[in-house]
Amino acid sequence: MMRIGLFLLTNIAVIALASITLSLFGVGSILQANGVDMDLGNLLAFCAVFGFAGSFVSLFLSKFMAKRSSGTEIITQARTADEQWLLDTVKELADKAKIGMPEVGIFPAQQANAFATGWNKNSALVAVSIGLLQRFRKEEIKAVLAHEIGHVANGDMVTLTLIQGVVNTFVMFFARIIGHFVDRAILKNEQGHGIGYFITTIVAEIVLGILASTIVAWFSRRREFKADEAGATLASPHAMIGALQRLKAEYNVPDQMPETLIAFGISSHMKHGFMALLSSHPPLDDRIAALQKF
């Protein structure tokens, strides 16, 4: 129920924001006054508003949604020596990276994982799983935290949002152009848009969306290498390599990270074939090899 509520909340916010923005810019129909030809200027504006609205609403709600969907408990005051060490370590790494102190939390997953999120590098959230705290050595946990701090310091969340917004915009734009072409040239609908336009647009959005996702995934994999380098710099190369090797040894542990947070985790399960192009993380062997040359 919580995930359904968050999904509905996000979509309501997107529609409200997009509707207000379109009204302010005076964007009306995507068809010209004759009701036949497409108004490409209005269409692009329409697609950009909805494409970026979804991305930015998700970004601004990211901390709230991450806490709720993962069950993360924020450490406001340390109750144990381990929690105090966690707070002190994140503070040390944040100071080294020259960012504000993030919120620090623990989420109830036996899988060894961690994530960082937030719209602002000085107001982020860094969380680790119980499994990681229980099974990893402290130097390895520090390296994982340094990796996540690296994501924050590099502004990866904002950059990924911008890329996703651009991708969303052009997927919507070209899908509607394809739908319009099919409606006019093949189905011979001469006024307005018929059912063929809407069906074709939906199919085109799905196909183009899958292809466009490979672009976003490619960037996501690139930023993992950069975050690993940050982890090696802020902690140590030896500790970062050790943490990745430990993660590799735990590939058989079921993935317990919420779907919306997988891209922000320290690792994800390996994919093969075409699905590898949609993976948010490169293979751990590639990441380890890159760090050994760092």
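I counted the secondary structure and found 10 helices and 4 strands in the protein chain, where helices (H or I, at least four residues) and strands (E, at least two) are DSSP runs numbered from the N terminus. Read along the sequence, these elements come in the order α-α-α-β-α-β-β-β-α-α-α-α-α-α.

I noted that this is a predicted model, in which local features need pLDDT of at least 70 and side-chain atom pairs count only at pLDDT 80 or more, while totals for chains, interfaces and linings use all residues. Residues are numbered from 1 along each chain as its sequence is written, and side-chain values use heavy atoms, with hydrogens and water left out.

I looked up burial next: 48% of the 294 residues of the protein chain count as buried, a term that means under 20% relative accessible area, with exposed being over 50% and partly exposed in between (1.4 Å probe, protein chains only). The accessible surface of the protein chain comes to about 14,500 Å², of which carbon and sulfur atoms hold 65%; the areas come from the Shrake-Rupley method with a 1.4 Å probe.

I then turned to the sheet, which is open, has 4 strands in the order 1-2-4-3 and shows mixed pairing, two strands being paired if DSSP finds at least two bridges between them. Strand 1 (73–74) and strand 3 stand at the edges with a single partner strand each, so one side of each has no neighbour in the sheet.

I followed strand 3 (residues 114–117) in detail, and it runs antiparallel to strand 4 (residues 125–129), to which 4 bridges join it. Ala-114 has Val-128 as its bridge partner, and Phe-115 stands opposite Ala-127.

Last, I looked at Asn-189, in the loop between helix 7 (156–186) and helix 8 (195–234). Asn-189 is partly exposed, with a relative accessible area of 23%, and touches Asp-183, Arg-184 and Gly-194, not counting residues up to four places away in sequence, a contact meaning heavy atoms within 4.5 Å.
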